[in-house]
Amino acid sequence: MKLEHYIGGRHVPSQSGATFTALDPTTNEPYLEVAAGGAADVAAAVAAAQKAFTDGPWSTMPAEQRAGTLRAVAAAIESRDDEIAALECRDTGLPITQARGQARRAAHNFRFFADVITTMGEDVYRVGTAQLNYVVRKPVGVAGLITPWNTPFMLETWKLAPALAAGCPVVLKPAEWSPASASLLPEIMEEAGLPTGVFNLVHGIGEDAGAALVAHPDVPVISFTGESGTGQTIMRNAASSLKTLSMELGGKSPLLVFEDADLERALDAAVFGVFSLNGERCTASSRVLVQDTVYEEFVARLAERAARVRVGAPGDPATELGALIHPEHYERVMEYVAIGSGEGARLVAGGSRPEHLTSGNFLAATVFADVTPHMRIFQEEIFGPVVCVTPFSTETEAVELANATRYGLAAYLWTNDLRRTHRLAQSIEAGMLWVNSQNVRDLRTPFGGVKASGVGREGGRHSIDVYTESHIVHLATEDLPIPRFGAA
C-alpha cells in the first residue's frame, strides 16, 4: 500500500520522488509506503488552497450551505466507522474498542461545528442615534494544520471542522508515524461535495513538510498539536510573518485525591485517565497526588488494578492497553521506567513487557509510588502507560505539588468539599479542571493549557476565532461633527 499527497483535487507523489515507511506497532515491520513531502509539495498545496480561497465559492458561501457540506462529511465518516477504526488500530496500536470511539467523535466534530456556524451571531453596537458599529467575521485565508500521531483521525477532524466551518481552505500535514487514516479524507471530502482545492493533504516529516508549511508566507494561521519543544520551534519560525498560532502542547496533569473523596470512583478515574489510549494522550492524569491519610490504601488498590489492565493485541476487543506507536517512542518510555527506578521511586506495578507478548512495543501498566517533585518522572512528560503517585498532607501542599511542573494543561480534583473545590479551582495552574470526573469533553468549552502546555484556546466559538478575523464597520447614521482643520 502506498499513500500519496492530495493537492488541488488530485492524488500526487512527492515532486522529489521521496518516500518513507510506516511501521506496524505490534511487530515494528514496515507495512506502508508514504510520499515524503517537502517545500515544493507544500507550495503546490498552498497555491491550490489559495486559489480556492480567492476564486472559489467556499469562503463566501452562506454559513448554512457550508454547514450542509460539513454534515455530509460527518455522514461520510460515520459510513466508514469500522474502516477508520481498523486503520487507527493498525497504524497506532490503539485498542480497537477505543479506536471506534475516536471515529465516532470525528463525525461529531463536523456536526458540532456545522451547528456552531449556523447559530453564531455577530456583534452590533449602537452609539445613540448617530452611529451603528457592526462586526463581521471573515475567514483569514489558508489554514495550516499540523496534527499529532496519537488518535490522529479524531484530532485531524478537531482542526479541520472549525477551519472549514469558518470558510478557510486547508493544508493538512498529518504525523509521519500514523499517516494511514488521513488517506480516507480525500474520498470523504469529495463524497461530501467540498469544492476542489479547499482540502489539501501533504504527508511528510515534520522538519521538512511541517517546517515548510509554518514558513510559507501565504499561510496566515497555524494550528498545531504536539510536544512543547516543537511548539517553541514553530513559534520562532512563525514570528517573522506574525502568523496566528493555536497550539495545544504537552501535559503532566495532576489528579488530586483528598481523604473525603469517593475513593472507588477516584480510582476508576486514575486508572482510566492514564492507561486509556495507551497513555499516549496529552490530558493523561500521569501524576496522582493522594492525601497521606488514604495514601497507602490508594497506592495498593491502584497497583492491584494496574496489574489487571489487559495488555494485548490492539485488534482484540478485550484489550485495554495496546502497543505503543513506534519503537523510538517505546524506547523513550522504557528509558523513563529505568530513570524512575534509578531515582528511588517505588515500582509497584508493571515496568516491563508482559510475558505473553514477545515482540512489538508493549508495556504493562506501570505505577511508581513515593515519587518526589525533584524526580524527572514527576517533571517530564512520559506520554505512555506510566503513572507517578505522590503523597500530600495539606491543601496547600497539594496545590504546590500540582503546580510544581512547567506544564499546565489539565487537572483533576476528587473531593466532596464544595468550598475546597472553589478554592483549588482558583489556585491550580491548568487550562482545564475536572472535578469528581474523568476527562469528559464539552465541545462548546475552550480547550487549551497554560505555561508550557500551549497558546490559545480551541472549542466552540473559540475555534472559529482562530480561523477568522473580526472586521469592524463604523456606519454614521447622522451627520457627526468633524473638526475642520485648515478651514478659514
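Tutor: Begin with a definition. A salt bridge is a side-chain nitrogen of Lys or Arg within 4 Å of a carboxyl oxygen of Asp or Glu. Keep in mind that this is a predicted model.

Student: How many salt bridges does a search of the whole structure find?

Tutor: The search finds 24 salt bridges. Take one of them: Arg346 pairs with Glu296, and their closest N and O atoms are 3.6 Å apart.

Student: Which parts of the chain does that pair link?

Tutor: Distant ones. Arg346 lies in strand S15 and Glu296 in helix H10, 50 residues apart.

Student: Which residue forms a salt bridge with Glu297?

Tutor: Arg301 does, with the closest N and O atoms 3.2 Å apart. Glu297 and Arg301 are four residues apart in helix H10, so about one helical turn separates them. Glu297 is partly exposed, at 42% relative accessibility. Arg301 is partly exposed too, at 24%.

Student: What is the closest N and O distance between Asp442 and Arg444?

Tutor: That salt bridge has its closest N and O atoms 2.7 Å apart. Check the accessibility of each partner. Asp442 counts as partly exposed because its relative accessibility is 29%. Arg444 has 61%, so Arg444 is exposed.

Student: Which residues are linked in a network of salt bridges?

Tutor: Asp260, Glu395, Arg420 and Arg423 are linked in such a network.

Student: Now the sheets. How do I read a strand order?

Tutor: First, the general idea. Strands of a sheet pair through backbone hydrogen bonds, either parallel or antiparallel. In this structure, an open sheet of seven strands runs in the order S15-S16-S17-S14-S13-S19-S20, and its pairing is mixed.

Student: Which strands stand at the edges?

Tutor: Strand S15 (346-349) and strand S20 (432-435) do. Each has a single partner strand, so one side of each is left without a neighbour in the sheet. Neighbouring strands of this sheet are turned by 20° against each other on average, direction ignored.

Student: How many bridges join S15 to strand S16?

Tutor: Three bridges join them, and the two strands run antiparallel. S16 covers residues 366-369. For Ala349, the bridge partner in S16 is Val367.

Student: Where does helix H10 pack?

Tutor: Helix H10 (residues 295-308) packs on the sheet. Helix H10 touches strands S13, S14, S15, S16 and S17. The direction of helix H10 makes about 50° with that of S15.

Student: Where is Thr129 placed?

Tutor: Thr129 sits in the loop between strand S6 (124-127) and S7. Its relative accessible area is 58%, so Thr129 is exposed.

Student: What does Thr129 touch, not counting residues up to four places away in sequence?

Tutor: Thr129 touches Thr477 and Glu478. Now set sequence beside space for another pair. Thr129 and Glu380 are 251 residues apart in sequence and 58 Å apart in space, C-alpha to C-alpha.

Note on methods:
Residues are numbered from 1 along each chain as its sequence is written. This is a predicted model: local features need pLDDT of at least 70, side-chain atom pairs count only at pLDDT 80 or more; totals for chains, interfaces and linings use all residues. Side-chain values use heavy atoms; hydrogens and water are left out. Two strands pair if DSSP finds at least two bridges between them. Axes are lines fitted to C-alpha atoms, for helices over the stretch in contact, and angles run from 0 to 180 degrees between N-to-C directions. Contact means heavy atoms within 4.5 Å. Buried means under 20% relative accessible area, exposed over 50%, partly exposed in between (1.4 Å probe, protein chains only).
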